[in-house]
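Good morning, colleagues. I would like to take you through one structure, moving from its overall organisation to its cores, its aromatic pairs and its salt bridges. Please keep the display in view as I speak.

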Amino acid sequence: MFRVLVVLVVACALSGCDKLTAPFTASTDRIGKAFPVSEEVQLGMSKLLASVAGDDKETRSLQEQYGRLLQVRALTCTAASGIGRFDTPSDIRKKIQDGSCFREQDAQLVDWVGLRRVSVLLGKPPLYPRVELHARQALPAEKNKGAGTVGIVTSAESNVALLKSGSGTFNAVRLPDGKPIQTFTVANNSRPGFSLSPNGRVLAAPSDTSPGLRLIEVETGIAVWSTDKYQSLVTWLASLNALVLIQSSQGQQTVIVDALNGKETIYPLAEKRATWALALPGDENRRLVGGVGSVAVMAHVREPDGALSATQVAFWRLARSLSSSSSPFLMDNGKKAYYFDARNLAWIDLASGEQGFWETSALHLTHGYAKLDETSILLASSAPGTYTSQGKMVDVQQRTVAPVPGYQPGDGILLPLTPRSGYMRYGAVTTIGGDDVEAGPPEDLQKAIAAAQLETQLAKLAPAAPAPDSVQVVAPLLTHVPQDAQVAVVGVYEAKGRARGAEAGRALNVVRVNVMPASTSLVLVLSSYEPVRWVIQNSGRKISAILISGYHPSEALGAGTAPILKIGSTFAYKMESAEYEKLKKDVRRYVSNPVRSFQGSYTGQDFSVSGF
């Protein structure tokens, strides 16, 4: 026996052990040794197996699938190379000079591993089980206080929410106490298309470079699957291990993708491209899917042979075009869907297909909304010519509208928690609430609308006032502004990063204005053509007023107690322009103080107003 061992050692030293073992080693293993899978594949597979640790059956299944994919990789890339039984890894490398096929196969393995990691996460229970929200509650201050909360993304079946900040970060928190979960950065979180999985464990986010999609594990903030093949997610089908996605390629076809194997199937929707979906009660795999002009009920199943299928059960053209800046929501236990067009609240009965709308624009109910329960919607309204908001409660079942006495304008912007019930208000403090909102005496909604429309018509019949340029303004409209107050103008045509195209609509994009400390008070004039969400980040300076002027409606956040007024439709982003001179005339109607500074650019994102 000793002599045999000596002979083997000498043979290995002279000719290499690979030569001796090659006939007894599977070709897949020898090819894998010659062209090892990438570190990205190995690391991803290690994390995938770690995520199912303790589940022996799932571990074996994943290992078997991975082994079959390695065999496909080996056979695909060596089919034309004539790999023999006695070929060592070194011989194989000599026969295959170009490793591009292996790199392409590794990219497919990365994709498969990522999708399987998503599948495992979707199969887990909610990160925090869902409980209904009732009384209003303040969330703890964020780490990046200077940026502030400007939006929210929630999940359907968990108490997880992502707070969007103006600085490009997401703060994952537990509702309603705001317990921190994770903080991570997304290059441009003002873009549309963010969606949380029903269990609150996975975030779908547009890629930093468009087009593309990333699925991020909420607990770690790490992307588990990145793809440039798809650009957005329409809906999660967690119980089927499937996703409905929009392709990035020309045509942007809607498809259903199997997270178990990556196979995709064309989605049989009458409209080629969907933009939103709502889970319907009673069937976890039935969705209401739609775009800006149509809606369909879709059923999804996994067939006995494992294939996925989707069926269109019902389809309607919407009588009103859905506003791209709002999200539809279900009411009356899923029997009706409600949405806003550009100005009014519309609905569709999902049993009969009957549609209708109320001209809520007459009541100026276009400044934020949130579903509170199955019959009640909280809306923010304002009087003409001002951005001082008031709360209104609409009961869609009783068809009434009522004032909300406890609604404070200084509490900030109103946002829904779609796809669940509840609201968020973000301002100096971010608050979360549910159905515990007290309303005053209700009145018939249609009568209230008719009265408001009559008032508008009577105002039009009143004698027209002389044009501002033809009269001498004796006193400014704002009498509380100190004589030494400084007037600063910030103007843009649009916010930086504004989405383009027909589907983008007129969404509000953020422009931040940092106000530096100073002993004198400030009048801030904000001007834009496109709608802008002006986020004021004040370092302690007294702001006497904020005057907003623009072609399209904008809003301001962070004004504190300062009044916010809309002064006209003029927009100016160049000092040497007729529009700027017109804007200064508009400002003089409200304050006698001269304009002391101007900052402007075609696209803008951040400005600073110093203590001049």
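What percentage of the contacts in the protein with a separation of 6 or more is accounted for by residues 24 or more positions apart? The figure is 51%, where contact means heavy atoms within 4.5 Å.

Before I continue, a word on provenance. This is a predicted model, in which local features need pLDDT of at least 70 and side-chain atom pairs count only at pLDDT 80 or more, whereas totals for chains, interfaces and linings use all residues. Residues are numbered from 1 along each chain as its sequence is written, and side-chain values use heavy atoms, with hydrogens and water left out.

The protein contains 9 helices and 38 strands. These elements are DSSP runs numbered from the N terminus, with helices being H or I of at least four residues and strands being E of at least two. Of the 612 residues, 49% count as buried; the term buried denotes under 20% relative accessible area, exposed over 50%, and partly exposed in between, with a 1.4 Å probe and protein chains only. The protein exposes about 29000 Å², of which carbon and sulfur atoms supply 53%. Accessible areas come from the Shrake-Rupley method with a 1.4 Å probe, and for residues only the protein chains shown count as cover.

I turn now to the interior. In soluble globular proteins, nonpolar side chains tend to be buried together. A nonpolar core, as used here, is a set of buried Ala, Val, Leu, Ile, Met, Phe, Trp, Tyr and Cys residues joined through side-chain atoms within 4.5 Å. The largest such core has 22 residues, and those touching the most other members are Val513, Leu524, Leu526, Trp534, Ile536, Ile546 and Val609. At least two residues each come from β30 (486-495), β31 (509-515), β32 (522-528), β33 (532-538), β34 (543-550) and β38 (606-609). Strand β30 provides the largest share, 4 residues. Apart from this core lies another, of 20 residues, including Phe329, Met331, Tyr369 and Val394.

Which residues is Ile536 in contact with, leaving aside its neighbours within four places in sequence? They are Val513, Val515, Leu524, Leu526, Ile543, Ile546, Leu557 and Gly558.

On the surface, by contrast, Leu454, Leu458 and Leu461 form a nonpolar patch with about 350 Å² of accessible area together. Patches are made of residues with over 30% relative accessible area and no salt bridge, like charges being joined within 9 Å and nonpolar side chains (Val, Leu, Ile, Met, Phe, Trp, Tyr) within 5 Å. Leu454 is located in helix α8 (residues 445-461) and counts as exposed because its relative accessibility is 52%.

Next, the aromatic residues. The structure holds 17 aromatic pairs. Rings of Phe, Tyr and Trp (its six-membered ring) pair if their centres lie within 6.5 Å; planes under 30 degrees apart count as stacked, over 60 as edge-to-face and the rest as tilted. Tyr66 and Trp112 are stacked, because their ring centres are 6.5 Å apart and their planes are at 20°. Since Tyr66 lies in helix α5 (residues 56-78) and Trp112 in helix α7 (residues 100-122), this pair ties together parts 46 residues apart in sequence. Both Tyr66 and Trp112 are buried.

Tyr529 and Phe571 form an edge-to-face pair, at 5.1 Å centre to centre and 65° between the planes. Tyr529 counts as buried at 16% relative accessibility, while Phe571 is partly exposed at 21%. One aromatic cluster is formed by Tyr493, Tyr529, Tyr551, Phe571, Tyr573 and Tyr602.

Finally, the charged side chains. The whole structure has 13 salt bridges, each a side-chain nitrogen of Lys or Arg within 4 Å of a carboxyl oxygen of Asp or Glu. One of them joins Arg116 and Glu58 (3.1 Å, N to O), linking helix α7 to helix α5 across 58 residues. Arg116 is buried at 4% relative accessibility, whereas Glu58 is partly exposed at 23%.

Asp586 and Lys582 also meet in a salt bridge, at 3.0 Å, N to O. These two residues are separated by about one helical turn because they are 4 residues apart in helix α9. Asp586 counts as buried at 7% relative accessibility, and Lys582 is partly exposed at 36%.
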